[in-house]
Amino acid sequence: MANIKITLRKDDVEKLKQVCKEFNNEPGELINVLHKAQGIFGYLPAEVQEIVSKELNVPVAKVYGVVTFYSFFTMKPKGRFPISICMGTACYVRGAEKILDEIKKQLNLEVGATSEDGKFSLSCLRCVGACGLAPVVLIGDRTYGRVTQEGVKEILAEYDEM
């Protein structure tokens, strides 16, 4: 697969440079800057990492190392409605794996992928801290508790017209 260079919007690049200035271009603020950068761009492609590297005077390899180490950061664009399935112990023993399989089937989507229309992306989390509602599915900022395989279709239908 060839590396495709993406073009960043000029105003977003300026926002990122402003964020770096707000953190006094301190190398020790790398994680904070990356959080803000991901908020601006939605993900952290190589082009964003290069800007952060230059602005904070940190080697690109270090920026890349931080981005790949922390699971919060992503180098792939997420869907408009990111779906996360909790795989913590309570959710797992109450059937989270079956819920995941059903979502994968319904959307024809693998974990870590984004649908071709950019609508959904799929990931798993270790624990969302809502064990009493297990199994739990997050879609965007909405939390669905006590999800069943049969309920997956109904939940996804809520996003049909969006």
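The discussion below concerns a predicted model.

Trainee: Which order do the elements of the chain follow from the N terminus on?
Mentor: The secondary structure comprises seven helices and four strands. These elements belong to a chain of 162 residues. Read from the N terminus on, their order is α-α-α-α-β-α-α-β-β-β-α.

Trainee: How many Å separate the centres of domain 1 and domain 2?
Mentor: The chain is divided into domain 1, residues 10-69, and domain 2, residues 81-157. The C-alpha trace of the chain spans about 50 × 30 × 30 Å along its principal axes. Taken over C-alpha atoms, the separation of the centres of domain 1 and domain 2 is 30 Å.

Trainee: What percentage of contacts between residues at least 6 apart in sequence join residues at least 24 apart?
Mentor: A contact here requires heavy atoms within 4.5 Å. Among contacts in the chain between residues at least 6 apart in sequence, the share that joins residues at least 24 apart is 61%.

Trainee: Is Asp12 buried or exposed?
Mentor: Asp12 is found in helix α1, which covers residues 10-22. Leaving aside neighbours within four places in sequence, Asp12 is in contact with Ile40 and Phe41. The relative accessibility of Asp12 is 8%, and the limit for burial is under 20%. Asp12 is therefore classed as buried.

Trainee: Which element gives the most residues to the lining of the largest pocket?
Mentor: The largest pocket has a volume of about 730 Å³. Its lining consists of 28 residues, and those closest to its centre are Ser71, Phe72, Lys78, Ser123 and Leu125. The elements that give two or more residues to this lining are α2 (30-41), β1 (81-86) and β2. With five residues, the element that gives the most is β2.

Trainee: How many residues in the lining of the largest pocket are charged?
Mentor: Domain 1 and domain 2 each contribute at least three residues to the lining of the largest pocket. By residue class, the lining holds 11 nonpolar and 12 polar residues, and the number of charged ones is five.

Trainee: Which element supplies the largest share of the lining of the largest cavity?
Mentor: The count of cavities of 30 Å³ or more comes to one, and about 40 Å³ of space lies in the largest cavity. Ile99, Ile103, Val137, Ile139, Val147, Val152, Ile155 and Leu156 line it, and these divide into eight nonpolar, no polar and no charged residues. At least two lining residues come from each of α6 (96-107), β3 (137-139) and α7 (149-157). The largest share, three residues, is from α7.

Trainee: How far apart in space are Ile85 and Ile99, C-alpha to C-alpha?
Mentor: Ile85 has its place in strand β1 and is buried, with a relative accessible area of 1%. Ile85 and Ile99 are 14 residues apart in sequence, and their C-alpha separation in space is 8.0 Å.

Trainee: Why is the pair of Phe69 and Tyr70 edge-to-face?
Mentor: A search of the whole structure finds six aromatic pairs. The ring centres of Phe69 and Tyr70 are 4.9 Å apart and their planes stand at 85°. Planes over 60 degrees apart meet the criterion, so the arrangement is edge-to-face.

Trainee: Which residues form one aromatic cluster with Phe69 and Tyr70?
Mentor: Phe69 is exposed, with a relative accessible area of 64%, whereas Tyr70 is partly exposed at 37%. The cluster that holds Phe69 and Tyr70 also includes Phe72 and Phe73.

Trainee: How many residues apart in sequence are the parts that the pair of Phe120 and Tyr159 ties together?
Mentor: Phe120 and Tyr159 form an edge-to-face aromatic pair, with 6.1 Å centre to centre and 75° between the planes. Phe120 is buried, and Tyr159 is buried too. Phe120 lies in strand β2 (residues 120-125) and Tyr159 in the segment after α7, so the pair ties together parts whose separation in sequence is 39 residues.

Note on methods:
Residues are numbered from 1 along each chain as its sequence is written. This is a predicted model: local features need pLDDT of at least 70, side-chain atom pairs count only at pLDDT 80 or more; totals for chains, interfaces and linings use all residues. Side-chain values use heavy atoms; hydrogens and water are left out. On a 1 Å grid over the protein atoms alone, a cavity is a set of points where a 1.4 Å probe fits but cannot get out, and a pocket is an open set with protein on both sides within 12 Å along at least five of seven lines; lining residues have an atom within 4 Å of a point. Grid points are joined across faces, edges and corners, and a volume is the space filled by probe spheres set on the points. Ala, Val, Leu, Ile, Met, Phe, Trp, Tyr, Cys and Pro count as nonpolar, Asp, Glu, Lys and Arg as charged, and the others, Gly among them, as polar. Buried means under 20% relative accessible area, exposed over 50%, partly exposed in between (1.4 Å probe, protein chains only). Rings of Phe, Tyr and Trp (its six-membered ring) pair if their centres lie within 6.5 Å; planes under 30 degrees apart count as stacked, over 60 as edge-to-face and the rest as tilted. Domain bounds come from an automatic or database domain assignment.
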